[in-house]
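Please look over the sequence and the structure shown here; a short report on selected local features follows.

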Amino acid sequence: MRKIYLVGFMGCGKSAIGRRLSFFLKMPYYDMDHEIVRQQGMTIPEIFEKYGEAHFRKIETEFLKNFRDEACIIATGGGVAVNEENRRIMRQTGLVFFLDAKFEDIYKRIRNDKNRPIVQSTTEQELENLYHQRRKSYRLAGHIQVLTAGRTLRQIVEYIGFQVKRLKGE
Ligand code: S3P
C-alpha cells in the first residue's frame, strides 16, 4: 500500500495540508503526533519530560514500522525525517513530500506553542540553526519538494494532488 508522507519543520503546514489533501484525494489522514499521544496516553511535552527526547524518537520509528498497511496520508512530526532509518521506511512505503516553508513564516506560527517542547527549550537563533540543519534531511527524505511561500493551502493541496496522480500514472 502506498502512503503519502508529509515531512518538514514544525509549523510548515503538514497537518493543515494533510487534512485538506485527505478531502481532495479521498484518502484517510493521520497525524503522527496525535496517534502517538493516543497510543501512549500522554502529551508530547509529557513524553519528553518523563522519558526524554531519545525515547520519543524510538516511538516515532516504531510507529513508522508498525502503522497499518493502508493507503493513507500521514503528517509526520518535524524530527522524523532526521533519522536515516525513518527516511528509508517512508521512501519504501510511500511517496514523501517535503513542505519547504521559510523560517520567518514558521517562527510566527510556532513561537508561542506550549505543546512543542523543542520550541519551549530553544532560542529563536537556535531554532533557526536547527531549521537549516534539518533542511538537508528533509531534502533527502522527500521525493518531491513543495515550496509553500506565497501559495495558498488550496494551491499547495492541488499541486500535491496533481503530483500524486501523475506518479500513480492516472
Ligand atoms: C518535533 C516536532 C513536533 C513533535 C515534537 C518534536 C521536532 O511535531 O513531533 O514536538 O523535533 O521537530 P510538529 O512538526 O508537528 O510540530
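In which helix does serine 22 lie? Serine 22 lies in helix α1, which covers residues 14-25, helices being DSSP runs of H or I of at least four residues, numbered from the N terminus. The model is predicted, with local features needing pLDDT of at least 70 and side-chain atom pairs counting only at pLDDT 80 or more, while totals for chains, interfaces and linings use all residues. Residues are numbered from 1 along each chain as its sequence is written, and side-chain values use heavy atoms, leaving out hydrogens and water.

Serine 22 counts as buried because its relative accessibility is 17% (buried is under 20% relative accessible area, exposed over 50%, partly exposed in between, with a 1.4 Å probe and protein chains only). Its side chain reaches the backbone oxygen of methionine 27 at 2.8 Å.

## Helix α4

Helix α4 spans residues 53-66, and its 14 residues reach 20 Å from first to last C-alpha, close to the 20 Å expected at 1.5 Å a residue (1.5 Å times one less than the number of residues). Among its buried residues are Phe56, Arg57 and Ile59.

## Salt bridges

With a salt bridge taken as a side-chain nitrogen of Lys or Arg within 4 Å of a carboxyl oxygen of Asp or Glu, the count comes to 11. Arginine 57 pairs in this way with glutamate 53, the closest N and O atoms lying 2.8 Å apart; both belong to α4, 4 residues apart, about one turn of the helix.

Glutamate 62 and lysine 65 also form a salt bridge, at 3.8 Å from N to O, and Glu62, Lys65, Glu85 and Arg88 are linked in a network of salt bridges.

Methods. Helices (H or I, at least four residues) and strands (E, at least two) are DSSP runs, numbered from the N terminus. A polar contact is a pair of N or O atoms within 3.5 Å; within protein, one must be able to donate a hydrogen and the other to accept it, and residues adjacent in sequence count only if both atoms are side-chain atoms.
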